[in-house]
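Dear colleague,

I am passing on the structure that we talked about, and my notes follow it. Please read them with the model open beside you.

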Amino acid sequence: YSRVGEQRSIPITGSRAKRIVHGALNIYTGDLALLITHHWDQYSHRAFLKMVRSQWRGWAIVLIQDRGAPHKAVASQSYAAQIGIEVRWLPRATPELNAMDHLWRHSKAVTLANCPIRSIDASAMAFCEYLIALSPTERLCQAGALSEDFWLAR
């Protein structure tokens, strides 16, 4: 606070540290694949695709994604096809259809909201540890996949 008419000096560190948490949820089993990276680009997305393929070897994987630039990159799409991951696209501006967005929203509210940040790495790790600690059923419930109205219901 400052007195009326006086300008308050607010320090700006210039640090724009961030971490990207990539995630995939198996809507049948509740299993989860997570990867923390420093950047969100086609290279980190391809690394995530490789991790998903190795985690669910032998499965027919259909990955439902939003239309983010790294997801739409030609190299990402061709790599997904090369390793046997079928990609389907969510309609534009429909976050309510994205099960991972529901899971992210819940988890961020529990682990990050109203909490002081010790470090960006510690916050990302706490977020992932919380998700891993949830049971598969809890994950599916928080993602909305157990709802009778879930658009991908069996």
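Arg88 and Glu86 are joined through their side chains by a salt bridge, with 2.5 Å from N to O; the term stands for a side-chain nitrogen of Lys or Arg within 4 Å of a carboxyl oxygen of Asp or Glu. Before going further, please note that this is a predicted model, in which local features need pLDDT of at least 70 and side-chain atom pairs count only at pLDDT 80 or more, whereas totals for chains, interfaces and linings use all residues. Residues are numbered from 1 along each chain as its sequence is written, and side-chain values use heavy atoms, with hydrogens and water left out.

Arg88 counts as partly exposed because its relative accessibility is 45%, and Glu86, at 37%, counts as partly exposed too; here buried means under 20% relative accessible area, exposed means over 50%, and partly exposed lies in between, with a 1.4 Å probe and protein chains only. Glu86 lies in strand E4, where helices (H or I, at least four residues) and strands (E, at least two) are DSSP runs numbered from the N terminus. Leaving aside neighbours within four places in sequence, Glu86 is in contact with Ile61, Val62 and Leu63, contact being heavy atoms within 4.5 Å. The C-alpha atoms of Glu86 and Ala60 are separated by 8.1 Å, although the two are 26 residues apart along the chain.

By the rule given above, the count comes to two salt bridges, and the other pair is Asp121 with Arg19, whose side chains meet at 2.7 Å, N to O. Asp121 lies in helix H5 and Arg19 in the segment before E1, so this pair ties together parts that are 102 residues apart in sequence. Asp121 is partly exposed, with a relative accessible area of 44%.

**The chain as a whole**

The protein chain has six helices and four strands, which follow the pattern β-β-α-β-α-α-β-α-α-α when read along the sequence. Its C-alpha trace spans about 65 × 35 × 30 Å along the principal axes, and buried residues make up 34% of the 154 residues. Among contacts between residues at least 6 apart in sequence, 56% join residues at least 24 apart. The accessible surface comes to about 10300 Å², of which 54% belongs to carbon and sulfur atoms; such areas come from the Shrake-Rupley method with a 1.4 Å probe, and for residues only the protein chains shown count as cover.

**Nonpolar cores**

A nonpolar core is taken as a set of buried Ala, Val, Leu, Ile, Met, Phe, Trp, Tyr and Cys residues joined through side-chain atoms within 4.5 Å. The largest of these has 16 residues, and those with the most contacts inside it are Leu25, Leu32, Leu34, Leu103, Trp104 and Leu131. Two or more residues each are given to this core by strand E1 (20-25), strand E2 (32-37), helix H4 (99-111), helix H5 (120-133) and H6, with H4 giving the most, at four residues. Leu103, when its neighbours within four places in sequence are set aside, is in contact with Leu25, Leu32, Leu131, Leu134, Arg139, Gln142 and Ala143. A second, separate core has twelve residues, among them Ala33, Phe48, Leu63 and Ile83.

**Three further sites**

Gln65 is found in strand E3 (residues 61-65) and is buried, with a relative accessible area of 5%. The side chain of Gln65 makes a polar contact with the side chain of His45 at 2.9 Å; a polar contact is a pair of N or O atoms within 3.5 Å, where within protein one must be able to donate a hydrogen and the other to accept it, and residues adjacent in sequence count only if both atoms are side-chain atoms. Not counting residues up to four places away in sequence, Gln65 touches His45, His71, Val87, Arg88, Trp89 and Leu90.

Ala93, in the loop between strand E4 (85-89) and H4, has a phi near 55°, a positive value in a residue other than glycine. Most residues other than glycine have a negative phi. Ala93 counts as exposed, at 76% relative accessibility.

Val62, Ile64 and Trp151 make a nonpolar surface patch of about 250 Å²; patches are made of residues with over 30% relative accessible area and no salt bridge, like charges being joined within 9 Å and nonpolar side chains (Val, Leu, Ile, Met, Phe, Trp, Tyr) within 5 Å. Trp151 is found in the segment after helix H6 (136-143) and counts as partly exposed, at 40% relative accessibility.

With best regards
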